[in-house]
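User: Please take me through this structure. I shall ask about one topic at a time.

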Amino acid sequence: WAELEIGKHCQIDSCNQTDDILSVFHSLEHRSRDAHSCSQVHFPDPAKREPRTEGGTKSYPCSFQDCKGKELLPVICPHCEKHFCLAHRHQDDHKCEKLEVQKPRMAATKELVQKIDGSKKKGRKGAKNSATAAKVALMKLKLHAAGDKGLPQTERTYFQVYLPKESTASSQPMFFCSKWSVGKVVDYAASLANLKNNNNVLTAKKLRLCHPQTGEALRMDDTLLLLLAHPDAPLYNGGNVILEYLDNDSTGLGDVSDYIAQT
């Protein structure tokens, strides 16, 4: 009988073990890649650690430095594609190399507010914001303004009233009812400042309330409420108005800056 050869010899020359498979075979002793110097050895990224088999069960070791944690199922970071244990699964926890460092929300908000505030300050240079100035002035006027104390606070409108050139005082803070007409405001302001009021005398100069920027005489039958709400000829609660004697055919003061300089 010729010797019957069954299976394949181990590919290591010094090993005589055989197996019954019909492909390239290495004995149990030489089956590892290192043991038989496999030319097809692949050296993966050490950080992307392969699952281990312990007692017939696969486990996935954590790639975080010095961590010995393992998981039965793969926990892969979608950004760096490495295995991690549950404790290090988040980008912050394993100091992910692809983590985008973001500014804290409060710091970013503070920076935005500072930029907006800075742009506003630059925009105000060289330009007078009458509405804002009036709000600040309103707080001061409320402390010293003269008026009817019986008026409800919700109906009070405050003005710094510039008095006629011939008056001994240049201006006086006053408050009026927002429902009053300009004519009634003029009469009441004249009584508070002890001004001569001949508005009922046909040939006499008339005491008129004028716009502080244009110098235009306001219509006597318009109400303060209307003027305060009007976008084209705004008066502000806490702003200025000018009280002056005008000729019957005059429509305003003319040069307001010259008038202010002389009061």
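User: Where does K95 lie?
Analyst: K95 lies in the loop between β5 and α1. Helices here are DSSP runs of H or I with at least four residues, strands are runs of E with at least two, and both are numbered from the N terminus. The model is predicted: local features need pLDDT of at least 70 and side-chain atom pairs count only at pLDDT 80 or more, while totals for chains, interfaces and linings use all residues. Residues are numbered from 1 along each chain as its sequence is written, and side-chain values use heavy atoms, with hydrogens and water left out.

User: Is K95 buried or exposed?
Analyst: K95 is exposed, with a relative accessible area of 66%. The classes are buried under 20% relative accessible area, exposed over 50% and partly exposed in between, with a 1.4 Å probe and protein chains only. Phi of K95 is positive, near 50 degrees, in a residue other than glycine.

User: And E81, what is its phi?
Analyst: E81, although not a glycine, has a positive phi of about 60 degrees. E81 is found in the loop between β5 (70-71) and α1 (105-124), and at 52% relative accessibility it counts as exposed.

User: Turning to confidence, what pLDDT does the protein chain average?
Analyst: The average is 77, and 62% of the residues score at least 70. pLDDT is the predictor's confidence in each residue, from 0 to 100.

User: Now the aromatics: how many aromatic pairs does the structure hold?
Analyst: There are five aromatic pairs. In the pair of Y158 and F175, the ring centres are 5.3 Å apart and the planes are at 40 degrees, so the pair is tilted. Rings of Phe, Tyr and Trp (its six-membered ring) pair if their centres lie within 6.5 Å; planes under 30 degrees apart count as stacked, over 60 as edge-to-face and the rest as tilted.

User: Which strands hold Y158 and F175?
Analyst: Y158 is in strand β6 (residues 156-162) and F175 in strand β7 (residues 171-177), 17 residues apart, and the pair links distant parts of the chain. Both Y158 and F175 are buried.

User: What geometry do W180 and Y188 have?
Analyst: Their aromatic pair is edge-to-face, at 5.2 Å centre to centre and 65 degrees between the planes. W180 is buried, with a relative accessible area of 12%. F159, F176, W180 and Y188 form one aromatic cluster.

User: How many bridges join β6 to β7?
Analyst: Seven bridges join these two strands, which run antiparallel. Strands pair if DSSP finds at least two bridges between them. One example is Q160, whose bridge partner in β7 is P173. Five of the seven residues of β7 are buried.

User: Which residues touch the most other members in the largest nonpolar core?
Analyst: Within its 29 residues, these are V161, F176, L195, L209 and L243. A nonpolar core is a set of buried Ala, Val, Leu, Ile, Met, Phe, Trp, Tyr and Cys residues joined through side-chain atoms within 4.5 Å. Elements that give two or more residues to this core include β6, β7, α3 and β9 (239-246), and α3 gives the most, with five residues.

User: What is F176 in contact with?
Analyst: Leaving aside neighbours within four places in sequence, its contacts include F159, V161, V185, Y188 and L224. There is also a second, separate core of seven residues, which includes C62, C77, C80 and F84.

User: How many disulfides does a search of the whole structure find?
Analyst: The search finds zero disulfides, a disulfide being a pair of cysteine sulfur atoms within 2.5 Å. For C62, the nearest cysteine sulfur is that of C67, 3.7 Å away. For C77, it is that of C80, 3.7 Å away. C62 counts as buried at 0% relative accessibility, and C77 is buried with a relative accessible area of 1%.

Definitions and conventions: Contact = heavy atoms within 4.5 Å.
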